[in-house]
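Keep the view open as you read.

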Amino acid sequence: MPFTMVQQDITRMQVDAIVNAANTELTMGGGVCGAIFKAAGAAKLKAACEKLAPIKTGDAVITPGFELPARFVIHTAGPVYKRWNEKQSEEKLYSAYTESLKLALSNGCESIAFPLISSGIYGYPKQKALQVATSAIKTFLAENDMDVYLAVFDRASLAVSKDLLGAVESYIGDNYVEERGVRQRKLLNIERKAFRETSVSPQLGESCAPSGLSAALEDIIGDLDEPFNTTLLRLIDARGKTDSEVYKRANIDRKLFSKIRTGKGYMPGKRTVLALAIALELSLDETDDLLERAGYALSHSQRFDVIVEYFIVNGKYDIFKINEVLFKYDLPPLGAG
């Protein structure tokens with residue numbers, strides 16, 4: 001996927017470039033910076049950095065990765081957080097990400113891993129640091145193709161809005177049902193249609209059907225036997241979006257989208273289908289129908305499904321924000337899968 005949050009040691013990641021949250025003198029520091037120097041070979045990396053130092057806050061330079069799995073180390077100087085001059089701090093932090101990404105692109109990198117820059121001893125509040133990082137990466141990926149990772153040591157270090165987490169937790173409490181023994185599952189829309197056509201009512205205990213599809217949606221959906229990729233393309237046209245807009249908003253790469261588009265026996269995983277539903281800003285009914293065509297359904301016995309459903313029901317279609325919440329719950333992200 002183009003942008004993924006991972007709980008991993010950045011010095012061990014198999015990517016083209018890793019980013020060092022450096023100081024302006026490019027000297028070996030503590031924390032992540034110190035770990036990168038040690039893993040790369042401190043003497044070699046120190047000699048390479050001395051030729052490039054000093055740099056300005058928000059700028060970036062590149063050195064070989066030496067003994068690291070990564071081919072390159074991109075060194076960028078994030079700002080020391082200043083509450084009384086927050087706008088300047090934000091601009092410098094945004095620049096640190098943007099300049100690093102540009103440098104990776106110009107050096108032929110297809111993948112890059114960042115730490116959460118300035119969120120350690122430089123005092124940048126973690127939630128705000130994450131917002132800036134996501135904004136910069138999102139803007140870059142709107143115009144470029146690259147796999148970008150945000151590596152953290154533990155999930156607690158990733159600060160998501162307390163209000164958002166509280167709302168999600170409340171929705172989970174109201175809708176999540178643990179599976180115990182045999183449960184009667186919710187009927188798929190195609191089964192409800194069959195019941196209507198044969199004048200047979202669902203058995204007692206069956207979950208109430210959604211309000212139903214609008215005439216416009218039924219026109220878009222078309223034949224119930226229509227292949228998934230055909231329905232997807234109809235929905236894209238109906239939403240007035242381009243293929244590029246959709247796969248970027250879905251946080252999936254162009255090659256995977258091409259496989260989905262052409263069909264030829266390939267069926268995407270559930271997480272990919274949901275990512276496409278989010279990209280197209282589908283309603284819950286529309287999402288249910290798109291999932292059915294790929295052989296899936298949302299379930300209230302799956303915490304992952306309930307969390308994604310919360311965002312759809314509430315019209316929150318920012319896949320990066322959804323994936324932040326999924327990461328906090330130790331669940332896989334929306335996208336390829």
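In this predicted model, strand E3 runs antiparallel to strand E4 (residues 72–77), and five bridges link the pair. You can pick out Val 61 here, which stands opposite His 75 in E4. Helix H2 packs on the sheet at this place, touching both E3 and E4, and its direction makes about 140° with that of E3.

Now step back to the sheet as a whole. It is open and has six strands with mixed pairing, in the order E1-E6-E5-E2-E4-E3. Strand E1 (3–7) and strand E3 (60–64) stand at the edges with a single partner strand each, so one side of each has no neighbour in the sheet. On average, neighbouring strands are turned by 25° against each other, direction ignored.

Return to H2 and look at its contact with another helix. Helix H1 (residues 31–40) packs against H2 (residues 42–50) at an angle of about 110°, and their axes are 6 Å apart. The two helices are therefore roughly perpendicular to each other. From H1, the residues Ile 36, Phe 37, Lys 38 and Ala 40 meet Ala 42, Leu 45, Lys 46 and Cys 49 of H2. Sorted by class, this contact has six nonpolar residues, two charged ones and no polar ones.

Finally, consider the whole chain. Its secondary structure comes to 14 helices and six strands. Of its 337 residues, 46% count as buried. Among contacts between residues at least 6 apart in sequence, 69% join residues at least 24 apart. The chain exposes about 16500 Å², of which carbon and sulfur atoms supply 50%.

Note on methods: Residues numbered from 1 in each chain as written. Predicted model: local features only at pLDDT ≥ 70, side-chain atom pairs only at ≥ 80, totals over all residues. Heavy atoms only, no water. Axes fitted to C-alpha atoms, helices over the stretch in contact; angles between N-to-C directions. Helix = DSSP H or I, 4+ residues; strand = E, 2+ residues; numbered from the N terminus. Parallel < 35°, antiparallel > 145°, perpendicular 65-115°, else oblique. Contact = heavy atoms within 4.5 Å. Nonpolar A, V, L, I, M, F, W, Y, C, P; charged D, E, K, R; others polar. Buried < 20%, exposed > 50% of the residue type's maximum accessible area, 1.4 Å probe, protein only. Areas by Shrake-Rupley, 256 points an atom, 1.4 Å probe, with all protein chains shown as cover. Pairing = 2+ DSSP bridges.
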